[in-house]
Amino acid sequence: MADINIPGVSDKYNTSEIVANLMKIERIPLEREQKALEDYEFQQTAWRSLNQKMVTLRETCRNLYSFDNPFNNKISSSTQEDAITVEAGRNADLQSFQIEVLQPASADRFLSHALERSQEVPAGLYEFTVGDKTAAVNWRGGNIQAFADALNKRSNGLVKASLIGVSGSTQALMIESLKTGAENRLIFGDTAQQFAIDIGMLQKAEPQEIVFGASEQELTDAAPVTADQTGLPALSKDRVSLSAHGITVPPRSAFTIPVPENIAKDANQQLSFTFVEQPVQDITEEINAQRQQSAPVFSLSGQIEYRGIVITNELSDAGISAANIPRQQQPVVPVTSDAYLWAANADGTETPIDITHYQTNADGIKTITIDIADYPDIAGITIRNANTATAVALSPVTASNPAQALGVEPVNAVSTAADAKLKYEGIAISRATNDIDDIVPDVTLHVHSATERPATITIDPDTETAKDAIIAFVGYYNQLLGEINILTQRSPEIVSELNYLDESEQEDAQKRLGIFSADFSLTNGKSALQTIISNVYPSNDMADIISLAQMGISTSASGSSGYSASRLRGYLEIDEQALDAALENNMADVKNVFGYDSDGDLIIDTGVAYLADQRLQAYVQSNGILSTKTANLDRRIETSRNTIQRLESQLADREAQLKQQYGQMEATLNSLESQQDSITNFSRQQQNNR
C-alpha cells in the first residue's frame, strides 16, 4: 500500500515527490545514452542519404562512358515516312542516302465469288503450303464459318481465312498467306484446290513458256562502253558462241538478247535463265607478251691496257637518235568485275541488274529471275563480260507466268506473292520481306508502300538523349556537392542557396548542418571530384573539346559577373547553347571527355565520368568508406540500445526499491504518530477523570 497516493489521506510526508526527484538524478545516465543513440541514428541516416546520392551519381557516370553510353545512339528520319521508315542501330554510320521503293513485299491473298451464308465445305484433308511449310485441316464437313475458324486455329500463323460480307445473304471467302515474298506462294492441296475452284477462287490455267536467245540470229551487238584500259580488246559479240548447252561468253565479250515485244509488255511475265562463271587463262598474259618490245642494246667498243695505262675506244655511232628508239609499253593489268547484266531499255538507257544476291548451287550455277514488272521499259537483256580471266556460260532465256506454273491461277487476287523491290542509290534490290536489315550496315528498313520519288534517309546522332544524360549528370553532381557542403559546413546560407529544396527539406537540412565537419574523408572526396570536373582530357591532338568548360559546363557557365558564394562552393552551371553546339558539331570529342581509351586496349581508362565513377566507388562499394562508417555506427547503436535496456531495468529496480523504502518509512511514521495520538488521548482522559 506504500505505492498508493490518496491526496489528503496518504503521502503526507511527500515521499512520492522525493522518490521522483531522486529518480531524475538516477535517470541522467539513461538520458545521456538515449541522446547518444539519437545522434548515432541521425548520423547513420545522414550517411545513408549521402550514400544514395553517391550511388545515383555513380550510375549516371557509368551511363556516360559504358557500352550503352548515349553518345552512340542514333536517330533516323525518312522524307517519306508513310512509305518507308528506318531504325538505326548504335553502330550505324552517320550518313544520308536515298531509297526508292518500287513495291513493297506482298503475300498471296485470294478471294472467292459471292457465296451463300449457308455454304457448306465438303469433308476432306485441306492442305495449304507456303514456302516450305504446310498447314492442314482434316475437315469432317460443315458450314464455311466453322471451316474458317478451324483453319485459323490450326494454321500456326501460316495462312488466314476471312469471311467478307457482300450482301445481306452472301459473303466471300478470302484465304491469304501470312508470309510475304515471291518464294512464299500460297499452294492449295488437292481437296483445297478443288474447293477453291468450285467457289471461284481459282481457275484452271495452262502454263506457257517461251524460250528465246537460243540462236546467233537472236543476239545483237551491245551498246558500246568506254574503254577501261588501253591495249585491251573492245567488248564484242564476235567471240560469243552458242551450243546445245547454252551461250558461252569468253573474256571481253558482250551482246544483247532482245525481249519479244509481247513479253516485254506483260507485267505478269518472269524471265529466267542459268548463269555460271568459269575461270580461264588470263588474256592479259598473251597481250603483254605481244606488246613487249625492247630498245636496241649497244655493247662497249672495247679497250686495251698496257703497263697500267687503259685506252678505251670511242663509242660506236649507229646513226639512230634517242627519239627513234622504241619505248617499252606499259603492260595491261587483269580486270575483275561482277557486273554482268543490264536491262536494255527501249529509250536506249540501261539499268544494272544485280546478280550477287542470287543463290549459287553446289555446281556454282545461279538461276537468275527477272520480273518484267520491275523493268517496265525493258527491251532486251545485255550481257557484258569485261573480265580478262573469267568466261561466262548462260542458258537461253525462258519467259513464263509464275501464277500458271501449278496449272491454276487466281480468279480474284487481292494481292500476289512478290518481293519488295527497291533501288538503293540507283541499284535495284529485291527482298522477300518488308523489314530489311542487310542493305545498309546496322540499319533496318521498314517498307510500307511505294514511294512517289526516292526517299532520303538520314542517320544523325541522338543529341537530345546525350544532352539529357549530361544534364542529369550535372544535376546529381550538384545535389551530392550540396549534401557534402551541408554535412561539412555550418553556414545557414548553404541551405538557403539550394532552391530545389522545399520548406520541410530545408528544415531537415538545417538539422544536418556541420554534423560531419571534422570528417576529412568528405572534404577530400569533394576536392577530388572538383579536380576531376575541372581537368582537361585530350583524346587526340585534333580534338576541339577537351574539357567540360569547353562544352558549356562550369561554375560560371551562366556568364554573370560578380561575387557568388555558390560558385565558390563548386556548383556547376550549364550554358545550353554552348552544350547544344558541342553535341551538334563535336559529338565524338564530347564522348571522349566523359570516357576515353587512352592506351588502345579497348577499355575506358580516363575521362570525367570514368574517374568520377572510380572515385565514388571507394565510398559506396562493399567495405568502402561509407560502408565502414555505417558499420561502426551499427555497432555503436547496438551497444547503446543494450546499455539503455540495462539502465532502464536498473532504474525500474531502483525506483521500486526507493518506493518500498520510503513507503516503509511513511508507515513507521504513521504508526508512531498513531501511538502518539493514543498516548495523548489517554493523558487527556486521565486529566478529565481527576
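**Figure 1. Arg-90 and Phe-67 in the predicted model.** The charged end of Arg-90 sits over the ring of Phe-67, at 5.6 Å from the ring centre. The structure is a predicted model.

**Figure 2. Arg-384 and Trp-342.** Here the charged end of Arg-384 sits over the ring of Trp-342. The distance to the ring centre is 5.0 Å.

**Figure 3. The aromatic pair Phe-97 and Tyr-424.** The structure holds 13 aromatic pairs. In one of them, the ring centres of Phe-97 and Tyr-424 are 5.6 Å apart and the planes meet at 75°, so the pair is edge-to-face; the cut-off for that class is over 60 degrees. Phe-97 belongs to strand β3 (residues 95-103) and Tyr-424 to strand β29 (residues 420-424), so that distant parts of the chain, 327 residues apart, are linked by this pair. Phe-97 is buried, with a relative accessible area of 2%.

**Figure 4. An aromatic cluster.** Four residues make up one aromatic cluster: Phe-71, Phe-473, Tyr-477 and Phe-594.

**Figure 5. The largest nonpolar core.** This core has 54 residues, of which Phe-473, Met-551 and Phe-594 touch the most other members. Helices that each supply at least two of its residues include α2 (28-65), α10 (520-534) and α15 (625-689). The largest share, eleven residues, comes from α7.

**Figure 6. Surroundings of Met-551.** Leaving aside residues up to four places away in sequence, Met-551 touches Ile-545, Asp-575, Ala-578, Leu-579, Ala-582, Val-590, Val-593 and Phe-594.

**Figure 7. A second core.** A separate core of 31 residues includes Val-240, Ile-257, Val-259 and Phe-273.

Definitions and conventions:
Residues are numbered from 1 along each chain as its sequence is written. This is a predicted model: local features need pLDDT of at least 70, side-chain atom pairs count only at pLDDT 80 or more; totals for chains, interfaces and linings use all residues. Side-chain values use heavy atoms; hydrogens and water are left out. Rings of Phe, Tyr and Trp (its six-membered ring) pair if their centres lie within 6.5 Å; planes under 30 degrees apart count as stacked, over 60 as edge-to-face and the rest as tilted. Helices (H or I, at least four residues) and strands (E, at least two) are DSSP runs, numbered from the N terminus. Buried means under 20% relative accessible area, exposed over 50%, partly exposed in between (1.4 Å probe, protein chains only). A charge sits over a ring if NZ of Lys or CZ of Arg is within 6 Å of the ring centre and within 35 degrees of the ring normal. A nonpolar core is a set of buried Ala, Val, Leu, Ile, Met, Phe, Trp, Tyr and Cys residues joined through side-chain atoms within 4.5 Å. Contact means heavy atoms within 4.5 Å.
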